[in-house]
Amino acid sequence: MSQNSVKTLGIAGAVAMVGLNITVLAFFALWLIADSAAIGRMESESSIDPGQMLPNPELMWLAAHGSVLMVVILDVLAVAWLVKMKGVPQYAVSME
C-alpha cells in the first residue's frame, strides 16, 4: 500500500472509532433515561406496577453497560497501538 492510502485508512478508522463512541454513548444515555422513567412510573405513591418496567431489564442493563465497557477497552487498545507504532512524543519524554 502506498503512504497516501495508509493515511486515508487511518483517518477512516479514526472517524469510525469516534462514530462508534458517539453511538454507544448515545445508546447508553437513552437507555438510562428510559429506564429511570420506567422505574419512576412503576414506583407510584399508591402501589408498585411491574407492567411499567422495560422488557428484559436485566439484559438491557447488561447490553448498555457491556457496550460502554467494550468501547472503553477498544479505545485503550487503540491508544496503546498508536503509542507502540508512533512512539512516545518527545515533549512527553522531556517533561521531567
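I began with what a helix is here, namely a DSSP run of H or I that is at least four residues long, numbered from the N terminus. With that in hand I placed L69 in helix α2, which covers residues 57-86. I keep in mind throughout that this is a predicted model.

**Entry on V71.** I then turned to V71, which is also found in helix α2. I noted that V71 counts as buried because its relative accessibility is 8%, under the 20% cut-off. Leaving aside residues up to four places away in sequence, I listed L20, N21 and V24 as the residues that V71 touches. I also checked V71 against I39, and the two are 32 residues apart in sequence and 27 Å apart in space, C-alpha to C-alpha.

**Entry on the aromatic rings.** I searched for aromatic pairs and the count came to one. The pair is formed by F28 and W31, with 5.9 Å from centre to centre and 45° between the planes, and I recorded it as tilted. Both F28 and W31 lie in helix α1, residues 3-42, where they are three residues apart, about one turn of the helix. I marked W31 as buried because its relative accessibility is 6%.

**Entry on D35.** Is D35 buried or exposed? I found that D35, which sits in helix α1, is buried, since its relative accessible area is 15%. Not counting residues up to four places away in sequence, D35 touches M53 and L54.

Conventions. Residues numbered from 1 in each chain as written. Predicted model: local features only at pLDDT ≥ 70, side-chain atom pairs only at ≥ 80, totals over all residues. Heavy atoms only, no water. Phe/Tyr/Trp six-rings, centres within 6.5 Å; stacked < 30°, edge-to-face > 60°. Helix = DSSP H or I, 4+ residues; strand = E, 2+ residues; numbered from the N terminus. Buried < 20%, exposed > 50% of the residue type's maximum accessible area, 1.4 Å probe, protein only. Contact = heavy atoms within 4.5 Å.
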